[in-house]
Structure formats: C-alpha cells, structure tokens
Amino acid sequence: MSKYVFEGKSWKVGDFIPTDQIIKSRRVYQSIDKAAKYVFEDINPRFGQEVQKGDILVAGKHFGQSSGRAVAVKALIATGVSCIVAESFSRTFYRNAFEIGLPILEVSGVHDAVEEGDRISVDVLGGVFCNERTGEKLEGKPIDPFLIEMIEAGGVIAMAPKLVGRTT
Amino acid sequence: MTLIEAILARASGRETVKPGDVVVANVDRMIMHDLSGYVTSKVFDEKVGLPIANPDRIVMVFDHLFSPPSETEAEVLQADRAWARKHGINLLDCGNGNIHNAVVHNGFIGPGMVVVGSDSHTPVHGAMGAFAVALGNDSHAGTVLPYSKAWFKVPETIRIDLHGTLQPGTTPRDVALWLVSQIGEGGAIYKAIELGGPLVEEMSLFDRWLLTLITVDLGAKCGYVDPDEKVFKFAREHNAMQAWDEMEVSPVSERKYEKRLEFDVSDLAPQVACSPTVGNVKTVDKVAGTTIQYAELGGHAGGRIEDLRVAAEVFKGKRVHPEVCLNIVPSSRVAFAQALEEGIVAQLHEAGAMWFPPSTGSNQAVNMGAMAAGDAMISTHSRNFPSRNGSIDAAMYLASSHTVSASAIAGCITDIREVL
C-alpha cells in the first residue's frame, strides 16, 4: 500500500486553529495560487513564503474550526503540503479534505511528538505516523472506507454521478 | 430513532438508519450567503456545469455585504445576482438580515427538512426541528445543486437535558456559552446534540436558537430540539410544514444515545467568551471592568427582536458611554419593523446607538466592524478569533444582549446583575 504514504519536513500549528486563520475570507476573491501565499499569514507568516512541496503539516486539536469554507483546504493544497496530521479536525474541515482530495489523519499525541522541522512520515490509509528523527511511532484513527473510496475517486465532484444513485 | 435519524431514514428512502451508516439523502433546502455563494457558483460553473435540479430549494442571502465598500465586493454581488437569476434560485438581496434569520423568517425552513448550507452555523436550524448541517462548496456544487442530494454519515447522538430556573440577568445565551466551557470546544466532534429537558421546553423558539447555534463550536455535526407546538405554530404561519409528515420518531426513553448529560443551571452567572476562542468562557465578574470601545447587538446570536427589547429595557433613561460606539444590527427585516413599531428604534437612537441595516453586521469585518490594535468589542456575535475583526491585537468578547447593553452604558464590561 504505497498510495497516500508521505515523508517530509514538518510544520506545526497549535490547537483550535480556525479556517479564518488558515486563509482570511477576503483572500477568497483571489486565485487560489495567490491565496496560498497568505496561508497562516497571522500566525506564521514564514509558512506561506517558505513551505515546500511535500512538506507535512502537524496541528493540534479541532484544526480548521469555525467557518466551513472549502477554500481553506484548497489553499493548503496549493501551498504544496502533501498531508495533514492533527490531534483532531473540525468535521467540516475533515469532510472538505476528503471531498477535495487532501489526505489527512487524526493521530492522538502527534502534536507533542513533533518539533517543527522534524522529518516525519505518514501512512494515511494504514494509519501510521512516524517521527523519523526520534523514531517515535503513533497509531492514527482509522478512516471510514467510504471516504477512502471518495478520495480514490478524485473527490466528491468526480464521484457525484455514481454517488447520487447509491442506495446502500 | 431520534428525530434526525428519522429524517435521514425518510430522506434516503430507508426504513431505519443507525449511527455509522453512510446515506445519500434528498436535500430540501440549501442556503448560502454572498461570499460562500460566490465560491460555490464558481466551483459549480467550472467543474460541474449541469442544470440545477430544483432551483426553488436553493436560497442565497446577501448578508456579509449590505452595501459594497469597494469595486471588488461590488463585483462579487454582481456575479452572485447574475448567477442567481440565470439559474432561477431564490435571492434575498442586501438588507434582508443575516442568513439564518432571513431564511427562517421568509419561510424557507421547517420541521423535518434536510437543510444544508455553507455557513458553519447552519445547524442552528435544528431549533426548527430540521436536520441542518454545514457542508463545503464541493458537496454543494457536486451533489446538492445538480441532484438535490448529499451524503451523510449518520452521527451518534448526545442528549443534553437542561433543568432549573435562570437567575435574573442570566439568559439562554449565557447557558449556551457556558455549555462550551463544560463540554469543550470540539468536545463533541461529529456528534448530533439533542437538547431537551424542562428549561428547553419552556424556552421560546428563538431562545432555543441560541443553543443549537452553539453546538457548532462544540464540534457537533448538528444540534436540534424536538419540534413542539411553538415550532409548528411558527412553521404554519410561514408555510413551512411541508416536510413534516409521518415522522417515525421514537419516544426519548427508547432512543439510543452515546451519552446523556444533565445540567441544572439555576445558579449560573452571566458568561463571557473571551479572545482568542469561543471556548475561553469566564463568568462575567472575571472580566468586569475591561474597557471597550465598541459594543454590538447583532450577528447570529443577536439582533433578534428579543435582543432589541432587552436593550430598550436596559437603556431606559440611560445613554451610550461617550467613548463607546454601540452598533445595532437587526437580524432580519421583521425584527427591524417590530422594533420600529415598538418605539425601540427611536429610543436607542436617542440614547446614542447607531442602527445598521439588517445583515450579519461586524462578522469578519467584511462590511463593518474592523478594530485597531488595542481596541475591544463586546457583542452578541458568535466568533471571537483574533484577526477576524481587523487587528490580531484587538479583542472580541461574546456575551448576552443584557451584558452587551449594560457594558455599552458603562464603557466597560459590566455585570448586568449590578444594574438590574
């Protein structure tokens, strides 16, 4: 199972980060690539400037709370982040991530297990997190098979014609 | 089955559903505001491009913008209007109130409905006995607009019973804020929260509204109160009973809950949620005396006629503090009309308050309500995250309309019980 396995440099944000702080609503008028430069502009202005393709974001509790704007997920994808691991996600962020195609994993204890900049690896479908620097391994919360099917199908829009006819 | 399990079973054509089931349900209503509607329309046009299946079920409300402050925002509204007309969806243009109050007062929400919206506070409509959930733009564009359907995972339910009699000066809004401190921000992620018990049964529909509103900040998928005669009366008066037919809802004693919580709130003091999050809730005495430059009655948890009446009562013979701006933002045209009729508009105007058009007011400072570093606002809004209202170094305190009114008079956060 090599799909949705990632290794990269980590960035860290704290608990209860609202979507407003992922990307401000006024940035929504811009193209998503322009908006990407302003991700976390208030809490970590370096992020939008220095994040590299393949980096992994580590967050605390209830990441992506507040407004359910899908553009928060789209802007994060546009920064090049390959996946996000968090203690927990807000349900709108969680749903949006799978609907749009950003692999994410809930891992209890992950926030304390990482110092920003550590190389970490995440097997999203296998539910395994590993800090390559410390060697610490943690288990993630299993992902509903339906959501795996959705992300494999390319998101909710791609899946829609098949999805709406579904009865079981 | 609980109310929302029964709604989901019917809407997905099943006999029953249970927590964990993934169902595809018919959607009765989709609501969006000017900003999310703009994004959704773009996604829909660029990635889907099908006809809208039931345009009469879709409502767009301009509430973040009541009058565009720049060309950019004017272009957003222009595009929204053109898109709404092209597809024949319902449009409530500027000045109709904040999205949730506007749709309910215009008869778009009724008991038994499946309601989806991009605004995260969409679950507030659980007060009407609807299954109401916030979804993202891609669900709206991909399944709701073209097929009138959406997928849902049936949530587990937490039942909260509220008991007791509130002290003078403590209101349902204080109960709602206090619940966040008890259960925790994100303390009920993915769950349905069923609210009931003697205190909830006594409350008016629009006081229950403050409770279902706050379930979002607990992390819940939805919150609701089983509809009773108060709800049915309102729904009948607004022609919104069409989804309430033969619902197979079990008595409370036969429903399955993940857990049940009981609270007696008889001793509760007024509460204030302090920056930086909605979960940072303190009793008012802990922050009393904090200087404020702005106060606002408006937003999702304020600006109802009930709030305007409270302000009129608290302001009797009093004026807004000379160093405070008090913004009053009616939540709907109905609330403003009622306030006019009752003389509240003139009274508060003469007391020094500023009236703004029915809208979502200072929510995210899109059209008003930006603050400079060091400024503080106390309001009936529902969010207080740093930089939502201008400077990251400005503070937003969330409280009841009683506490906001008393604070606007005193110039600092004030315990309403000391001035009653």
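## Exercises on domains, contacts and core

Chain B splits into domain 1 (3-264) and domain 2 (272-418), with bounds that come from an automatic or database domain assignment. The model is predicted: local features need pLDDT of at least 70, side-chain atom pairs count only at pLDDT 80 or more, and totals for chains, interfaces and linings use all residues. Residues are numbered from 1 along each chain as its sequence is written, while chains are lettered from A and ligands numbered from 1 in the order in which they are written.

**Exercise 1.** Describe how the two domains of chain B meet.

*Solution.* Start with the centres: taken over C-alpha atoms, those of domain 1 and domain 2 of chain B are 25 Å apart. Next, count the residues in contact (C-beta atoms, placed from the backbone, within 7 Å): domain 1 of chain B gives 32 and domain 2 of chain B gives 29. Then look for helices (DSSP runs of H or I, at least four residues, numbered from the N terminus). On the domain 1 side, α4 (99-105), α6 (172-183) and α8 (205-214) of chain B supply at least two residues each, and α6(B) gives the most, with six residues.

**Exercise 2.** Work out what chain A brings to its contact with chain B.

*Solution.* The contact takes 34 residues from chain A and 39 residues from chain B. On the chain A side, the elements that give two or more residues are α1 (19-22), α5 (91-100) and α7 (156-163) of chain A. Of these, α5(A) has the largest share, six residues.

**Exercise 3.** Locate the largest nonpolar core and find which residues touch the most other members.

*Solution.* A nonpolar core is a set of buried Ala, Val, Leu, Ile, Met, Phe, Trp, Tyr and Cys residues joined through C-beta atoms within 7 Å; buried means that 20 or more other C-beta atoms lie within 10 Å of a residue's own, with C-beta atoms placed from the backbone. The largest such core has 193 residues, and V85(A), L8(B), F131(B) and Y397(B) touch the most other members. Its largest share, seven residues, comes from α6(B). Since domain 1 (3-264) and domain 2 (272-418) of chain B both give residues to this core, it lies between them.

Now zoom in on L8(B): leaving aside neighbours within four places in sequence, its contacts are V17(B), V23(B), A25(B), F131(B), F152(B) and V154(B).

**Exercise 4.** State what percentage of chain B is buried.

*Solution.* Of its 420 residues, 60% count as buried.

Terms used: Buried ≥ 20, exposed ≤ 12 C-beta atoms within 10 Å, placed from the backbone.
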